[in-house]
Amino acid sequence: MIGVIDVGGGLRGAFGSGVFDYCLDRGIHFDYEIGVSAGSANLVAYRAGEFGRNYKFYTEYSLRSEYMSVRNFLKTRSYVNLDYVYGELLKECPLDFEAMISDPAEFIIVATDAETGAPVYFTKRDLSEGNYAPICASSCVPGINQPYLVNGKPYYDGGISDPIPFQYAFDAGCDRLVVVLTRPKDMHRTGRKDARFARIVERSYPAAARTLAARAETYNRELDAILDLERSGRVLIVAPDDIGGMKTLTRDMEMVKALYRKGLVAAQAIDDFVK
C-alpha cells in the first residue's frame, strides 16, 4: 500500500498543489492519504479531481482581505477567516464533494486537541457536504487564529503535534510513502517563533502551548526519520530546493507561483516510485 502525506505550510502549500496537479495529470493515485494543515486542502482538490483548483486559492483568493487580514484579526482575533475560506469561497468555487468523498483511498486530516496538545486524526467520515470543520481545525495556526471548534471542542493546526505523520501511515498499513514537504528537505526548524506564539496561547491552552513550544524538536526528529527511510527506499521526499525565505503567510504571488511550478517539476520523481 502506497501512501502520501502533505505537511502543508500556509501559502507555501502552493508547492503541494503543484505536486498533486501533476499527479492528476499523470493519473497517479495513492491508497492512503494524510493531510496536515493546508496539505489537507490540497488533498481535497486532488481527491475531487479538480486540476488547478487550489492554484486559484493560493494566487487569487488569498489576496482578499476577507481571506486573511489585520482587519479579520481585530474583529475576531483570527487573522485567517477559515469559515470564509472553507465556507463562502466554496459557494463561489464549488467543490465536487461526491467525487472527493467517493475516492476509495482513506483520507486522514491531522489536527491538535487544544486542551490536551495531542494529535487528533479525523477521517473522511468526519466530513459532510458544506461541513469541512476538520480541515479548518487542521489549518488553525495558534497565535494567528483562535482555536477552531469541531463538535464543540477546540482544535489547533495539526502541524504542531504531528507535523510529518509518517509513523501513523506505516501503522495503518502503508508499505511506502510519498512525503510532500514545503521546505527544503535539509532545512530543520528553529523554535524561536514557536516559543513566541506559545506564550500567546499558554494562558488559555497550556497543553497546546507546550506542544507548540516543542514543535521544532518534533519536526526535526520526524524529518531525520524520513530522511533515513528515504535512504532505505521506503519513503520518497518531494520538496522544493529553495523557498526564497518565504514564510507561512507571505503574500508574494511571484514566490507562490514559483513554488507551484517547482511542485510540478519535483513531482516527476513520483512516477518511478509508484511503479
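1. The largest cavity in this predicted model has a volume of about 60 Å³. One cavity of 30 Å³ or more is found in the structure.

2. Helices α1, α2 (38–48) and α3 each give it at least two residues. Helix α1 has the largest share, with four residues.

3. Helix α1 also packs elsewhere. Two packed helices are described by the angle between their axes and the distance between the axes. For α1 (residues 14–26) and α12 (residues 253–266), the axes come within 7 Å. They cross at roughly 35 degrees. The crossing is right-handed.

4. Where do α1 and α12 meet? On the α1 side, the contact uses A14, F15, S17, G18, V19, D21 and Y22. On the α12 side, it uses V256, L259, Y260, K262, G263, L264 and A266. Nine of the contact residues are nonpolar, three are polar and two are charged.

5. Aromatic pairs come next. The whole structure has nine of them. One is formed by Y55 and Y260. Their ring centres are 4.5 Å apart, with 55 degrees between the planes. The pair is classed as tilted, because edge-to-face would need planes over 60 degrees apart.

6. What does the Y55–Y260 pair tie together? Y55 sits in helix α3 (residues 53–59) and Y260 in helix α12, so the pair links parts that are 205 residues apart in sequence.

7. A separate item is the second largest pocket. Its volume is about 190 Å³. The lining includes F73 and R77, then G143, I144, N145, Q146 and P147. Y156 contributes too, as do I200, V201, S204 and Y205. Seven lining residues are nonpolar, four are polar and one is charged.

Terms used: Residues are numbered from 1 along each chain as its sequence is written. This is a predicted model: local features need pLDDT of at least 70, side-chain atom pairs count only at pLDDT 80 or more; totals for chains, interfaces and linings use all residues. Side-chain values use heavy atoms; hydrogens and water are left out. On a 1 Å grid over the protein atoms alone, a cavity is a set of points where a 1.4 Å probe fits but cannot get out, and a pocket is an open set with protein on both sides within 12 Å along at least five of seven lines; lining residues have an atom within 4 Å of a point. Grid points are joined across faces, edges and corners, and a volume is the space filled by probe spheres set on the points. Ala, Val, Leu, Ile, Met, Phe, Trp, Tyr, Cys and Pro count as nonpolar, Asp, Glu, Lys and Arg as charged, and the others, Gly among them, as polar. Axes are lines fitted to C-alpha atoms, for helices over the stretch in contact, and angles run from 0 to 180 degrees between N-to-C directions. A crossing is left-handed if the near helix is turned anticlockwise from the far one by less than a right angle, and right-handed if clockwise. Contact means heavy atoms within 4.5 Å. Rings of Phe, Tyr and Trp (its six-membered ring) pair if their centres lie within 6.5 Å; planes under 30 degrees apart count as stacked, over 60 as edge-to-face and the rest as tilted.
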